[in-house]
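Thanks, everyone, for making the time.

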Amino acid sequence: MSGTATLVLLETTTSNLRSASLPAISAARKLAQVNGGPVVGVVIGSGIAAAAQDAARYVDKVLCCDNAALAAALAETWAPVLVAAIKKIDAAALVASATSAGKDILPRTAGLMGAGMASEIVAVIGAKAFRRPTYAGNALTDVEVLTPVVVATVRQTEFPPAAPAASAGTVEALPPGPIDALGSEFVALHASKSARPDLTEAKVVVSGGRGLKDAQNFKVLEELTDLLGGALGASRAACDAGMVPNDLQVGQTGKVVAPELYFAVGISGAIQHLAGMKSSKVIVAINKDPEAPIFQVADYGLCATWESTVPPLIAQIKTVKAAG
Amino acid sequence: MKILVPCKRVPNPDLKLKVANGSVDLAGTTWQVNPFDEYAVEAALRLTEKGKGGERVGEVVVVSIGPKDTSAQLKQLLAMGANRAILIAGDDGALDADRVARILGTLVVAEKPDLVLMGKQAVDGDDNQVGQILAASLGWPQATFLASILLAADGKSATVTREVDAGVEERRVHLPAVMTVDLRIVGKKAVRNEALAPATAEWEDTQRLASLKGIMAAKKKELREITAESLGVAGGILVKTLRHEAPPARKAGVKVASVEELVAKLHNEAKVI
Ligand SMILES: Cc1cc2nc3c(=O)[nH]c(=O)nc-3n(C[C@@H](O)[C@H](O)[C@H](O)COP(=O)(O)OP(=O)(O)OC[C@H]3O[C@@H](n4cnc5c(N)ncnc54)[C@H](O)[C@@H]3O)c2cc1C
Ligand SMILES: Cc1cc2nc3c(=O)[nH]c(=O)nc-3n(C[C@H](O)[C@H](O)[C@H](O)COP(=O)(O)OP(=O)(O)OC[C@H]3O[C@@H](n4cnc5c(N)ncnc54)[C@H](O)[C@@H]3O)c2cc1C
């Protein structure tokens with residue numbers, strides 16, 4: 001048997017909780033309502049004392065595993081720490097946002113424990129039952145985890161970012177135990193620099209596809225993006241062609257976004273793309289092909305070339321904005 | 001270099017999915033190899049050949065857990081160039097990611113590959129779990145979501161890049177390991193074995209198709225059918241599927257005739273600008 005605590009992996013910088021983890025906290029709070037126990041955060045890294053304090057504002061308690069050998073988020077070293085955390089607080093569940101780190105580390109943790117895992121949940125149905133999208137979002141599947149401890153990643157767009165709790169929790173050190181990276185080594189992160197908001201958190205996303213033809217043409221989409229304070233996205237075809245960096249890919253195998261407003265420009269609307277943006281509140285499609293499948297999900301479809309429509313669109317939005 | 005590539009057969013993702021009465025109806029579908037697994041096979045072939053289309057050095061073994069007619073997909077992979085295939089009898093309903101990983105784990109112990117190379121995710125279940133669970137159960141390192149693999153000349157380690165949220169991450173990993181691949185792994189210069197191909201080596205920008213010669217050759221290749229029981233895998237699933245449902249349909253939108261109309265709608269109706 002396991003206890004009642006809900007454990008949530010919180011990703012941090014050295015000083016702050018990352019906003020990507022806020023949806024996981026919301027999911028953990030939902031689970032805690034059914035489990036009846038506290039929400040306990042776990043932070044892992046090197047020199048993260050300040051981040052642990054920041055994270056404690058959101059949860060009942062933070063377990064902080066601070067060790068120089070844990071600076072990089074390697075599944076080989078982090079998963080055993082998560083197992084130790086689960087054992088320490090006798091957790092009923094471990095959750096994390098479905099970030100690239102969450103998707104890498106949580107299944108390994110489940111594998112070490114022999115625990116059942118639900119991926120990218122969009123709803124908590126019960127202590128062990130979850131709803132999750134399958135078949136590129138063409139089905140919603142309810143699953144039940146049959147093991148005492150439950151592991152789940154959380155689709156960030158489907159849970160609201162958590163607000164701080166009424167009172168901050170305590171921070172407790174978690175000894176790492178033996179650390180063995182099994183020879184794996186972090187070498188470097190080649191981060192794509194962008195002053196824009198994160199794709200997964202932006203209120204507006206402007207995405208371009210193969211129809212944009214080359215990298216140079218993305219400039220006009222960037223202008224629209226910045227005018228609306230949004231994030232730039234792309235289809236796989238645009239990424240593959242090198243028009244934009246790969247981490248802008250929206251879709252089943254790229255990022256999942258659900259902004260207030262989504263522009264699909266020169267994107268046909270393949271199911272793998274739709275899987276990543278179908279939950280957007282308002283979808284605008286600009287495509288020269290009246291038969292393009294993107295029009296089936298678009299709230300507003302404009303059948304025209306981007307060359308003839310995006311520049312005047314920018315000008316007119318400016319006018320509307322100026323008029324307040 | 002011996003590489004084991006687990007491959008799943010999946011329903012054709014381009015066909016409309018029929019979801020009714022709590023379940024997915026796959027009766028009328030056509031089956032194909034999970035695209036990510038096909039990419040993994042392509043990567044494995046590149047790691048074991050002397051440049052594009054060159055002589056094969058080492059062995060690529062493809063394995064699938066599935067019903068009997070999964071042999072059709074395995075034959076296609078043999079025709080692409082894999083050396084041999086193993087089909088482990090299994091029924092989707094009796095599997096979950098953990099069980100798939102445990103079955104594969106026993107096969108890894110028996111086959112002793114230097115590398116397990118596989119898709120990051122099956123495009124039907126979308127779990128993105130099996131590779132990581134497999135690595136955990138073997139006590140092996142894992143390198144997930146790979147965009148490139150450079151295998152060191154001594155075959156003992158690899159430098160890989162991973163597609164992560166913030167950009168591209170570079171790692172070094174020791175073999176044996178479990179690696180899972182992302183879409184860009186089939187790029188022209190994404191995969192190379194330093195022992196077999198020079199830095200200038202290039203491949204097609206996609207996975208190879210089975211040639212007629214390959215199809216003929218595949219007829220003589222081994223396709224062994226075994227059961228999970230024969231591998232000594234006990235136990236059951238850890239995650240039970242309760243029911244499926246079609247996602248809520250989006251309400252039909254409208255076509256606008258001009259940029260003016262679009263801006264007016266976004267401002268006055270949707271109130272998003
Ligand atoms: C009728 C039916 C009932 C089902 N019932 C359940 C259920 O009760 N519980 C449940 O959890 N799932 C159930 N499933 C789905 C289940 O069989 C999944 O295939 C399994 O959970 C693995 O998840 P995934 O394919 O999403 O794996 P992922 O983790 O996304 O796969 C990653 C990689 O693992 C490898 N891999 C995965 N499966 C195989 C395989 N069969 N052979 C070889 N390599 C493989 C591939 O390389 C793949 O790229 C059911 C499916 C059907 C059609
Ligand atoms: C395993 C797998 C995973 C995948 N994952 C993803 C994913 O995560 N995300 C993703 O996006 N895709 C993904 N794909 C690819 C997907 O299937 C499509 O190939 C891709 O989305 C197509 O991109 P596109 O719409 O930009 O290109 P196309 O389908 O080529 O469409 C281009 C569109 O631009 C329009 N156009 C052309 N010129 C103009 C113009 N001047 N003005 C206006 N419109 C114009 C055309 O009418 C056309 O509709 C995946 C595929 C596989 C097999």
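Before I come to the sheet, a word on terms: two strands are taken to pair if DSSP finds at least two bridges between them. Please also keep in mind that what you see is a predicted model.

With that in mind, let us look at strand β4 of chain A, residues 91–97, which runs parallel to strand β9, residues 150–154, and is joined to β9(A) by five bridges. Within that pairing, A:S97 stands opposite A:V154. Strand β4(A) also pairs with strand β1, residues 5–9, again in the parallel sense and over four bridges, and here A:V8 has A:V95 as its bridge partner.

Turning to the cysteines, the structure holds zero disulfides over all chains. For A:C65, the nearest cysteine sulfur belongs to A:C64 and is 7.4 Å away. A:C65 is buried, at a relative accessible area of 0%, whereas A:C303 is partly exposed, at 33%.

Finally, the domains: chain A is divided into domain 1, covering 5–173, and domain 2, covering 204–323, and their C-alpha centres lie 32 Å apart. Seven residues of domain 1 are in contact with eight residues of domain 2. The area buried between the two domains is about 580 Å², with carbon and sulfur atoms giving 51% of it. On the domain 1 side, A:A136, A:R155 and A:T157 lose the most area, together 66% of what that side buries. Between these two domains, the count of salt bridges is zero.

How values were computed
Residues are numbered from 1 along each chain as its sequence is written. Chains are lettered from A and ligands numbered from 1 in the order in which they are written. This is a predicted model: local features need pLDDT of at least 70, side-chain atom pairs count only at pLDDT 80 or more; totals for chains, interfaces and linings use all residues. Side-chain values use heavy atoms; hydrogens and water are left out. A disulfide is a pair of cysteine sulfur atoms within 2.5 Å. Buried means under 20% relative accessible area, exposed over 50%, partly exposed in between (1.4 Å probe, protein chains only). Helices (H or I, at least four residues) and strands (E, at least two) are DSSP runs, numbered from the N terminus. Domain bounds come from an automatic or database domain assignment. Contact means heavy atoms within 4.5 Å. Buried area is the accessible area (1.4 Å probe) that two parts lose on being put together, summed over both. A salt bridge is a side-chain nitrogen of Lys or Arg within 4 Å of a carboxyl oxygen of Asp or Glu.
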